[in-house]
Amino acid sequence: MTRLVDVPSQFDDRSFDQFAGAFAEAAKDGERLLFDAHAAEWASPYGLVGLLVAGQAARGTGHGGEGAGERPLLTAPTHADVLTYWTRAGFFREAAELFEIHGKVPRVKAAAESDVLLPVTPVRAAEDVHAVVSNIQQRASAILASELGLDPKATMGFAMALSEACQNIVEHAGTGGWVAVQAYYWRRTLAKRVVVIAVGDAGVGFRHSLEPTQSKRFGTRWGDAAALEAALIQGISRFRDPGRGQGLAGIRRYLARWDGKIAIRSGTARIAIVPKWDDDVPLKDGLPPFPGAQVLIIIPEQGSTKR
Amino acid sequence: MIQHIDVHAVLQESVSGVYTDLVTRPTGRVVREGIERAMATAAGEVAVARIDFTRVGCIDYSCADEIVAKLLRSRPGVLVLMGVSDGHREAIEPVLAGHRLAVLIERPDGTLEAVGAPDAAAALLEELVARRLAARSAGGTLTLT
């Protein structure tokens, strides 16, 4: 039997929990999954990376059910523009290995559009992070300076933030993941251009990574939310080396300077550093479970971003 | 004697001939070990090691910690960084401040600046003058002797 997981028509961080809920419900008995994206109208980098993560998790954990070891199914969007955009964003290049895809996928080169700063790119090892950082700098430089109004010197900070976000996968996930970077006009919240970094993996997640060193300290409070708080707010790492935990702290500094936002979802919780222009909540717990960790970074066009 | 170590060359030899960025902990670790080997095999007594970041692209926080902070913690000698851009400083300064460490940066005009934790930076400059490794000009700036 095949279980259906609806992909939201507007698939981004706001609709992600709806997707995670559908995924958790459908995946619990280990049957083969069908991710239905035929009605998708738009997906942010966070949505595209999240869909790959779900595909990876669905393939890897069949729980011994009928779907164990089988690739999940994916119905591609039917709208031609959406299909082309997902292809240009590099989604189908990665999805082809994870899903049995139904629908006609156009042959378009990834990253042919200028707003795709980095197409969906796999991150498995330190070498991949080098490639990501090397590729992004030239493309991001023009966008950050001319379209977002950031100081040209901010490009290096952007590459640093991207590097640290990707390293979370290499150092903590215990499996590979993906990163994507796009610039777009964000009508809904800001009415400004933004650059969005999305990083996701289907690995062990923050709670599992920090549990051996932190669970006792938090006692009964220990869980996904406490683990995210420890990592993002307190700069705690699973390593005993005193220099560890610099990465997320560095990202926070960079975002504070450019009025940016970071949100991390792991397991059943989500934490965010919320700038004034956004109405997100700092911490949510009791969300539908989702494998690994998903990081969202948003840097807005500079100028007044007060709502 | 002042020893000169070209970080870009160490990166190219140690990790890859393609990339110019100091990113990821494994890269930082390999590059630091390369620098430590160069220091250990230097001929003669080295008073100052000048670590040259010219031609290095981006440095992330992990590499700043793995290279600069760990070199400072493990090596009793004087380290001077040169070829350091504003972007490099953005990673190095907060990492050192977090460790309550400081390092000397040699500007293009040869003058020295200590960056990192303020108390450690002040102590470092005083030590440098006391050991006569640097001298103050009439204008109060410091340069290596």
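Trainee: How many bridges join strand S2 of chain B to strand S3 of chain B?
Mentor: This is a predicted model. Take S2(B) as residues 48-52 and S3(B) as residues 78-82. The two strands run parallel. B:Val48 stands opposite B:Val78 of S3(B). The bridges between S2(B) and S3(B) number five.

Trainee: Which strands of chain B are the edge strands of that sheet?
Mentor: The sheet is open and has seven strands, with mixed pairing. Its order is S1-S2-S3-S4-S5-S7-S6 in chain B. An edge strand here pairs on one side only, and that picks out S1 (2-6) and S6 (134-136) of chain B.

Trainee: What does the twist average from one strand to the next?
Mentor: Stay with the open sheet of chain B, whose pairing is mixed. From one strand to the next, the twist averages 40°.

Trainee: Which strands of chain B does helix H4 of chain B touch?
Mentor: Start with H1(B), residues 7-14, which lies across S1 and S2 of chain B. H1(B) runs at about 50° to S1(B). H4(B), residues 86-99, packs on the sheet too, and its direction makes about 55° with that of S5(B).

Trainee: Are H2(B) and H3(B) roughly parallel or antiparallel to each other?
Mentor: Their axes are 7 Å apart. The helices pack at an angle of about 25°. Angles under 35 degrees count as roughly parallel. H2(B) and H3(B) are therefore roughly parallel.

Trainee: How many residues of the contact of H2(B) with H3(B) are charged?
Mentor: H2(B) brings residues including B:Arg25, B:Arg29 and B:Arg32. H3(B) brings, among others, B:Glu66 and B:Lys70. The contact also has five nonpolar and three polar residues. The charged residues number five.

Trainee: Which element gives the largest share of the side of chain B that touches chain A?
Mentor: In the contact, 22 residues of chain B meet 22 residues of chain A. By class, the chain B side has nine nonpolar, seven polar and six charged residues. The largest share is seven residues, and it comes from H4(B).

Trainee: Which helix gives the most to the side of domain 1 of chain A that touches domain 2 of chain A?
Mentor: Chain A is divided into domain 1 (1-102) and domain 2 (113-307), with 22 Å between their C-alpha centres. The contact takes 22 residues from domain 1 and 25 residues from domain 2 of chain A. On the domain 1 side, H1 (16-27), H2 (45-60) and H4 (91-98) of chain A each supply at least two residues. With ten residues, the helix that gives the most is H2(A).

Trainee: How many residues on that side of domain 1 of chain A are nonpolar?
Mentor: Six of the residues on that side are polar. Four are charged. The nonpolar residues number twelve.

Trainee: Which strands of chain A stand at the edges of its open sheet?
Mentor: The sheet has seven strands in the order S7-S8-S9-S13-S10-S11-S12, with antiparallel pairing. Each edge strand has a single partner strand, so one side is left without a neighbour in the sheet. Those strands are S7 (116-123) and S12 (283-284) of chain A.

Trainee: What is the bridge partner of A:Val123 in S8(A)?
Mentor: S7(A) and S8(A), residues 177-186, run antiparallel. Five bridges join them. The partner of A:Val123 in S8(A) is A:Gly177.

Trainee: At what angle does H6(A) run to S9(A)?
Mentor: H2(A) packs on the sheet, touching S7, S8, S9 (192-201) and S13 (290-300) of chain A, with its direction at about 10° to that of S9(A). H6(A) lies across S7, S8, S9 and S13 of chain A. The angle of H6(A) to S9(A) is about 15°.

Trainee: Is the crossing of H5(A) and H6(A) left-handed or right-handed?
Mentor: H5(A), residues 126-147, and H6(A), residues 154-173, have axes that come within 9 Å and cross at roughly 150°. That makes H5(A) roughly antiparallel to H6(A). Their contact has 13 nonpolar, five polar and no charged residues. The crossing is right-handed.

Technical notes
Residues are numbered from 1 along each chain as its sequence is written. Chains are lettered from A and ligands numbered from 1 in the order in which they are written. This is a predicted model: local features need pLDDT of at least 70, side-chain atom pairs count only at pLDDT 80 or more; totals for chains, interfaces and linings use all residues. Two strands pair if DSSP finds at least two bridges between them. Helices (H or I, at least four residues) and strands (E, at least two) are DSSP runs, numbered from the N terminus. Axes are lines fitted to C-alpha atoms, for helices over the stretch in contact, and angles run from 0 to 180 degrees between N-to-C directions. Two residues are in contact if their C-beta atoms, placed from the backbone, lie within 7 Å. Domain bounds come from an automatic or database domain assignment. Ala, Val, Leu, Ile, Met, Phe, Trp, Tyr, Cys and Pro count as nonpolar, Asp, Glu, Lys and Arg as charged, and the others, Gly among them, as polar. Angles under 35 degrees count as roughly parallel, over 145 as roughly antiparallel, 65 to 115 as roughly perpendicular and the rest as oblique. A crossing is left-handed if the near helix is turned anticlockwise from the far one by less than a right angle, and right-handed if clockwise.
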